[in-house]
Amino acid sequence: MIGVLSTTMASAASDTPDAHASLGLCVGSGEETRARSVFAIPPDADDGWVWCRARDPEGMHRMFAQIVHYLRDVELGNVEPDVVGDDRTRVLSDPLEECPSQEHNPEYYERIARPTSLQAITHRIVHCEYAQPALFEQDMLQLFSNARTWYGLGTPGYKEMVTLQRLFQQLTPARGSMLDGAGTKHVKSRANDIDLVDLRRAGAKATDYFASSAYGPGNEPTTTYEAHTLLDSAWYKGRAYRVGDWAHFMNPVDPSRPIVGQIFRVYKRRDVPSVFLTACWYYRPEQTSHASSRSFYENEVLKTGIFGEHTLEDIVEEVLVLFHTKYARARPKAAYSAPDAPVYIVESKYDVRNAEFHKIQSWASCVPAEVRGKHTPMDLFAVPSELPERGPSLLIRNAHAPGFGQLLEHAKNYEEPYEYRDLFDTGYHEEAPAASAPASAPAPVRPPVASLSATHPDRLRAYAGFHMVASDVARRTSPASYAAIQQAILQNPDMPTGELMALSVQHAVPDGLLARLRDAARSAGVLSDVKPSAVPSGLSLAPSIAAHHAEATFSPLPRATGTFTAHPADLFRHDPEGKTLWYAAPPLDGWRTSTAVQDGSTHLPLPSLAYMYEMVRRS
């Protein structure tokens with residue numbers, strides 16, 4: 001289990017106004033996650049605990065006994081059919097039956113604060129000691145938490161315990177998981193609690209380790225689903241999960257390494273019971289393909305552009321992922337993150353298709369838009385700690401497991417920061433090769449200023465909206481996929497929903513986002529009167545940066561004095577007074593825009609709204 005870094009906190013420092021305020025931005029959902037006491041739950045409230053119709057103790061405990069029976073019935077051969085020999089009939093729950101002897105295994109009691117066992121829980125069931133279903137579930141979840149802590153991430157024991165936990169959660173659905181997006185209950189009205197447990201067990205697929213799907217790192221999803229009803233939050237096992245929260249999700253490809261994911265959407269689907277979550281996946285170093293010389297932080301994960309769909313029952317536990325600039329300086333206050341939650345550090349993004357790494361320049365661009373402005377109260381460290389040590393990945397040790405990447409001998413082992421030239425430095429002149437340099441270069445001709453009209457503000461708003469959606473698409477996929485999407489929309493501006501869905505599956509971008517891109521492009525006028533043409537092999541600066549999940553910083557133009565001597569500045573449009581026209585957004589190569597510059601091929605967007613309003617005011 002990945003432990004929380006133990007460092008003295010300075011709570012008082014975090015209460016200082018404006019002191020390190022940015023540390024709390026983009027950390028989780030920004031909402032309290034502390035669970036309510038089971039004794040404070042109203043009778044009709046749904047806090048995500050198992051839905052139990054029985055109100056008498058005997059009826060409830062018969063349901064609990066049936067759940068424990070199914071857990072004890074799982075053999076290794078059920079989940080791994082390829083296993084042969086005596087190991088095939090080994091019961092996965094055997095290590096949970098009893099706690100180890102304190103005399104022979106004192107280390108267990110040093111690491112496990114609240115020991116319990118399956119036999120102890122069975123004793124309480126037999127004697128009807130659980131006053132509420134939530135108390136039974138708390139004991140079971142504590143049992144699985146102890147097992148995960150003892151075995152440790154990536155071990156066979158961890159894999160088997162997480163598999164049993166996923167089956168337990170399949171057998172204990174909350175009330176909200178029994179309804180679909182239309183509010184229809186998918187269970188017979190006459191079915192009792194034991195019938196419900198039997199029905200859930202029959203629907204659980206053992207060969208997928210009881211997960212809701214077969215997708216995981218190494219077997220990425222290719223299908224997106226449309227939400228019928230979006231939810232602000234979903235309660236599960238006494239805790240509310242919201243957009244921005246982090247969790248370990250069941251990984252059917254390799255259950256010993258749960259998927260680290262951040263929730264981007266909470267919703268219900270039509271005609272399918274359960275509550276669904278769309279999560280952005282973060283890969284572990286061994287799940288990437290990289291150079292043998294590349295090193296990683298301990299507990300490092302890497303953001304990907306992969307979004308997977310999960311049910312609430314796929315959640316293994318709450319985790320926390322911190323950007324490297326925050327990791328060494330603070331942790332969320334106890335009410336906003338579980339103190340014992342595993343903590344990961346993130347510094348880079350990983351392009352799954354091209355096996356490329358890119359440094360994250362803006363953490364805010366990586367989290368859901370809904371939480372970018374939310375502040376999470378933080379406890380600052382009295383003294384900033386050092387970042388974890390770097391070391392090679394498991395691939396160097398010849399470790400192999402499903403979903404693992406591979407060593408790439410010719411891959412770069414670091415991200416080279418691109419140094420952008422300061423084109424607006426008056427002392428800078430780009431030198432051309434001597435063989436191609438003309439004898440005398442003609443003086444640059446500035447393009448004429450377009451006449452202002454009443455429709456300009458609307459056109460500017462439309463272009464700004466289009467640029468935002470296009471950049472969002474570019475951030476979610478690779479440059480090659482972005483170019484393919486762009487070309488497909490240019491060739492067919494009236495692309496129907498069916499073709500959009502096919503494009504969505506091919507490039508792993510939500511079809512709803514592609515529909516927004518098509519509509520925004522049409523509104524901005526970038527699709528009108530455009531003949532399909534080959535998309536250039538190199539994207540312009542803006543989509544390239546967006547596609548690689550990075551940002552650039554550019555130097556401002558010098559104060560306008562009427563005439564520029566440096567020829568790069570002459571490519572920009574100017575007003576009658578010789579002042580530079582400023583633009584609302586950078587150009588997007590391949591899309592039609594309003595005005596072409598001197599060379600006739602590079603297009604620029606319209607001037608900004610602020611400039612337009614100022615010109616109207618002056619006139």
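Tutor: Contact here means that heavy atoms lie within 4.5 Å. The model is predicted, so local features need pLDDT of at least 70 and side-chain atom pairs count only at pLDDT 80 or more, while totals for chains, interfaces and linings use all residues. Residues are numbered from 1 along each chain as its sequence is written, and side-chain values use heavy atoms, with hydrogens and water left out.

Among contacts in the chain between residues at least 6 apart in sequence, 73% join residues at least 24 apart. The chain has 619 residues, and 49% of them are buried. Buried means under 20% relative accessible area, exposed over 50%, and partly exposed in between, with a 1.4 Å probe and protein chains only.

The interior can be described through its nonpolar cores. A nonpolar core is a set of buried Ala, Val, Leu, Ile, Met, Phe, Trp, Tyr and Cys residues joined through side-chain atoms within 4.5 Å. In soluble globular proteins, nonpolar side chains tend to be buried together.

The largest nonpolar core has 44 residues, and Val79, Leu96, Phe136, Met140 and Phe168 have the most contacts inside it. Two or more residues each come from α2 (57-71), α3 (76-79), α5 (118-126), α6 (133-151) and α7 (156-171). Of these, α6 gives the most, with eight residues. Helices (H or I, at least four residues) and strands (E, at least two) are DSSP runs numbered from the N terminus; the chain holds 15 helices and 18 strands. Leaving aside residues up to four places away in sequence, Phe168 touches Ile67, Leu71, Phe136, Glu137, Met140, Leu141 and Phe144.

Apart from this core lies another, of 23 residues, which includes Leu503, Leu513, Leu517 and Ala520. Leu503 is also one of the buried residues of helix α12 (residues 497-507), along with Leu500, Ser504 and His507. These four sit on the same side of α12, because they cover an arc of only 105 degrees around the axis; the arc is that of the directions from the helix axis to the C-beta atoms. Their cover includes α11 (479-491) and α13 (511-524). After α12 comes Ala508, with a positive phi near 55 degrees.

Cysteines complete the picture. The structure holds zero disulfides, a disulfide being a pair of cysteine sulfur atoms within 2.5 Å. Cys366 is buried, at 2% relative accessibility. The closest cysteine sulfur to that of Cys366 is in Cys280, 8.1 Å away, which is too far for a bond.
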